[in-house]
Amino acid sequence: MERFAGEGARATLSEGAGGNAGASRVRWAHWKGNGCWACPACSIPFLKSDQRFTTLSLHDKFGRAISDLRISITDRCNYKCVYCRTGNEGALYGDLPFADYLRMARVLVGMGITKVRLTGGEPLLRKGVVNFVRELSCLRSAKPLDIALTTNGHLLADLAQPLKDAGLSRVTVSMDAVDPDNFTRITRVPGGYDHVLAGIRAAKRVGLGPVKVNCVLLRGFNEDQIIPFGMFAREEDVIVRFIEFMPLEEDRVWSPATVVTLDEILARMSEYRPVIEIAHARSETARRYRFDDGLGEFGIIAPVSHPFCGHCSRIRITSDGKIRTCLFSVWDHDLHAQMRRGATDEELAEFIRGVVQKKEERHHIGEPDFVPASRTMVHIGG
Ligand code: SAM
């Protein structure tokens, strides 16, 4: 990989130019021909030629601004959660050198992405993730780049401080039960609970907050965890978020009856303590609630019973470099193939713009015409 030569690049930002009111405009100016446009201290693979380009923020054909990028850096996982995996080990798809994800992120940040979330598989399985976060944190967007991570937390205790130091903004930990036995039953890996709890506490200690703890509820498995999670949010001072189970599992066990819905979660939690809804931003996926005494917050992400596709601001890149415009897409768009054939950054940006125009209006979960996604969650990156 080529390294920054110490001289060479400058980025300037301006707002609302180019006849697109409110859109952010980013102009990267390179000089001396061999400079990284971002932080001189990092090793971002840079543009070959002197280059100037101006990009307006990304919108799809339904007018949704695309500002949120998820990158899966591996589809391997060290857990085999019953609602996600078949129980078999291993990856289905390859992964790419970090330099390739970084180039994709750089181009996309230049197009209006302001938030990058690393996911997987289990992203902390990937050696070099801390350095990757450091290099991402050198990217400059119209706003400071928000870098988040979704992890099962198993390896987080030791990595929280290095990740924070590298520039990670915050972390979301997935955890589907707050007692060790139930936790093992779900993850199918013994002894994980204490590791994850230690990871959550380390993340809080080093300032990777607000720490969010995501729990997928599956009927007949862990719906008894609703109130314990309410208590957990209060005791551990984390934001618990319940996620409705979606048909994205390897084993195809989903049916409408397996979904524990927002209404049910609220009703059950209210038996514990009165809950009050808090305002949430339009683009936020979770509806937010607090308890009547002000202690503890939880959220509910309800893509099945209360879809929020109309506010979707996301695209995803899979570990093997494909763009997915929706979790429920039935096809991928091969961004890495464009890179392999030698596309310039402008050509990648053009390709991305075309792909974003194909972003699906909404998902069709539970409808007669529902077609299962072409990949399951672990191989997309949740
Ligand atoms: N390994 C990391 C983790 O555990 O957070 C990142 C990948 S995991 C696929 C991302 C998130 O997707 C987790 O919170 C997981 O619980 C959630 N998830 C997996 N399958 C799901 C499904 N079918 N419906 C809803 N959420 C799901």
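**Helix against helix**

Author: Let's begin where Ile 226, Ile 227 and Gly 230 of α6 touch Ile 265, Arg 268, Met 269 and Tyr 272 of α7. By class, that contact has five nonpolar, one polar and one charged residues. This is a predicted model, in which local features need pLDDT of at least 70, side-chain atom pairs count only at pLDDT 80 or more, and totals for chains, interfaces and linings use all residues. Residues are numbered from 1 along each chain as its sequence is written.

Reader: What makes two residues a contact, and how are the classes drawn?

Author: Two residues are in contact if their C-beta atoms, placed from the backbone, lie within 7 Å. Ala, Val, Leu, Ile, Met, Phe, Trp, Tyr, Cys and Pro count as nonpolar, Asp, Glu, Lys and Arg as charged, and the others, Gly among them, as polar.

Reader: Why are α6 and α7 called oblique to each other?

Author: Their packing angle is about 60°, with the axes 9 Å apart. Angles under 35 degrees count as roughly parallel, over 145 as roughly antiparallel, 65 to 115 as roughly perpendicular and the rest as oblique. About 60° falls in the rest, so α6 and α7 are oblique.

Reader: And what makes α3 and α5 roughly parallel?

Author: Helix α3 (residues 156-166) and helix α5 (residues 192-206) pack at about 20°, their axes 7 Å apart. That is under 35 degrees, so the pair counts as roughly parallel. The residues of this contact divide into seven nonpolar, three polar and one charged. Among those that meet are Leu 156 and Ala 157 in α3 and His 195 and Ala 198 in α5.

**Loops and backbone**

Reader: Why is Gly 294 called exposed?

Author: A residue is buried if 20 or more other C-beta atoms lie within 10 Å of its own, exposed if 12 or fewer, and partly exposed in between, with C-beta atoms placed from the backbone. Gly 294 has 8, so it counts as exposed. You'll find Gly 294 in the loop between β11 (286-291) and β12 (297-301). Gly 294 and Arg 234 are 60 residues apart in sequence, yet 9.5 Å apart C-alpha to C-alpha.

Reader: What makes Arg 188 and Asp 237 partly exposed?

Author: Arg 188 has 13 other C-beta atoms within 10 Å, and Asp 237 has 14. Both counts lie between the two cut-offs, so partly exposed is the label for each. Arg 188 sits in the loop between α4 (180-187) and α5, and Asp 237 in the loop between α6 (226-236) and β9 (239-244).

Key. Helices (H or I, at least four residues) and strands (E, at least two) are DSSP runs, numbered from the N terminus. Axes are lines fitted to C-alpha atoms, for helices over the stretch in contact, and angles run from 0 to 180 degrees between N-to-C directions.
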